[in-house]
Every structure is written in structure tokens, then in C-alpha cells.
Amino acid sequence: IQMASKFFLLALLALSASHALASDPVFVNGFACKDPKTAVVEDFYFSGLHMAGNTSNKQGSIVTAVNVAQIAGLNTLGVSLARVDYAPYGQNPPHLHPRATEILTVLEGSLYVGFVTSNPENKLFSKVLNKGDVFVFPQGLIHFQFNIENNEAIAIAALSSKNPGVITIANAVFGSKQTISDDILAKAFQVDKNIVDHIQAQF
């Protein structure tokens, strides 16, 4: 009888625990999975990529991201998009996506693009792209785009993650909160500390 009552108690605990888990939101990579019964069409929709972004900044470019933060229905699907607008001679500065490969298509203008392989080769793969051209930036590698013309340029990027992330190299190295010691950066970049201090002041 004691064994039967223990079994019944364990079964009751398991049942109540599974019910509690079923009613709690399930998070995948930090994003809550929505109950399919409550999904609405807006969970799969975004409007705005037809509008040019404001490129009046130091880099002369702006990225309009369309990932899981904008479209909840992208959760777990492993894809996202971005529109990139470039002012004349503007650039999307060297950066990387830790969780995604990117494929970029030029819609308007001409871009000089490239990526650098990892150590020890650090080989640059670069090319000038024109309207309709496509280029791939492998996951985790530093890459860039530069508008080589005195006209605005537009590109669309597809990425192999619902939340690809972005690390802009200059911002991370020179604009970190707390700042990296200028002794470390001076030695890493083989320049005087005053130069490092000047660059850090820009961020």
C-alpha cells in the first residue's frame, strides 16, 4: 500500500508539473514562442523596406533590420532581412554577424564590398558590385560595403538567422563601455597612445 501511495503521489506531482510547464512561455534563444492558437497575421508581417533610411551620420549609411524583433513569426525559422541605404561615398563599416551568413544584393548604385578571412591568412576577398549583383559574407567574418559613387545606393541583405547580431569593429574596440586600456590598444594597433585616445574620443 505504501508503494502504491508513493507512486500515486509521484504521478500527481509529475502531472501538475507538466501542466505548469505547458502554461508557461517557452523561450528559444531568448525569444518567447507564441501559442499557435493565438497567432495573428501581423506576427508574420512587416512594412517599411520601401522607405529610404536616414543616412545623415558619420558613416553615411543606415541599416533597416527585419528580424525576429520586428516579425515575431520569424522565431525559430532561421532567416532575416535588412535594407541598407548608403549616402554618396557612404559605407557600412567593417562589422561581423556572429550568428549568420549574409547574402547581399545591390538594388541601386555601385558598392565596393569585401570580407577578410580569419587568422593567420587574413585574406581580403573584395569586388565592385553593380545593380543586380550578389555577394556572400560568411558567418563570423569581418566585412564591409562602400558606396563608390556620388549617388545614393541601396542593397538588400538576407541573413541565415532570425537574430544575426552585429558587432561593428570600431565601435566595439574604441567605443566599449568601460573603455579598453589605451596601452592595450596602442600595442595592438602599433600606434602612439595619443592616437588611440583621439580615436576613442570620437565614440
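**Group meeting: a helix pair, a pocket and a loop**

Okay, let's start with a contact: in helix 3, Asp 182, Asp 183, Leu 185 and Ala 186 meet Lys 193, Val 196, Asp 197 and Gln 200 of helix 4. Sort those contact residues by class and you get three nonpolar, one polar and four charged. Keep in mind that this is a predicted model.

So how do the two helices sit? In general, you describe a packed pair by the angle between the axes and the distance between them. Here helix 3 covers residues 182–189 and helix 4 covers 193–201, and their axes come within 9 Å, crossing at roughly 110°. Anything from 65 to 115 degrees counts as roughly perpendicular, so that's what we call helix 3 and helix 4. And the crossing is right-handed.

Next up, the pocket. How much space lies in the largest pocket? About 600 Å³. It has 25 lining residues, and the ones nearest the centre of the pocket are Val 63, Asn 92, His 95, Val 166 and Thr 168. Which elements give two or more residues to that lining? Those are strand 3 (61–66), strand 4 (80–86), strand 5 (91–96) and strand 11 (153–159). Strand 4 has the largest share, with four residues.

Last stop, a loop. Most peptide bonds are trans, and most residues other than glycine have a negative phi. Now look between strand 7 (111–116) and strand 8 (124–129), where you'll find Pro 120 in the loop. The bond joining Asn 119 to Pro 120 is a cis peptide, with omega about 0°. Asn 122 is in the loop between strand 7 and strand 8 too.

Key: Residues numbered from 1 in each chain as written. Predicted model: local features only at pLDDT ≥ 70, side-chain atom pairs only at ≥ 80, totals over all residues. Heavy atoms only, no water. Axes fitted to C-alpha atoms, helices over the stretch in contact; angles between N-to-C directions. Parallel < 35°, antiparallel > 145°, perpendicular 65-115°, else oblique. Left-handed = near helix turned anticlockwise from the far one by under 90°. Contact = heavy atoms within 4.5 Å. Nonpolar A, V, L, I, M, F, W, Y, C, P; charged D, E, K, R; others polar. 1 Å grid on protein atoms, 1.4 Å probe; cavity = no way out; pocket = protein on both sides within 12 Å on 5 of 7 lines; lining within 4 Å. Points joined across faces, edges and corners; volume = space filled by probe spheres on them.
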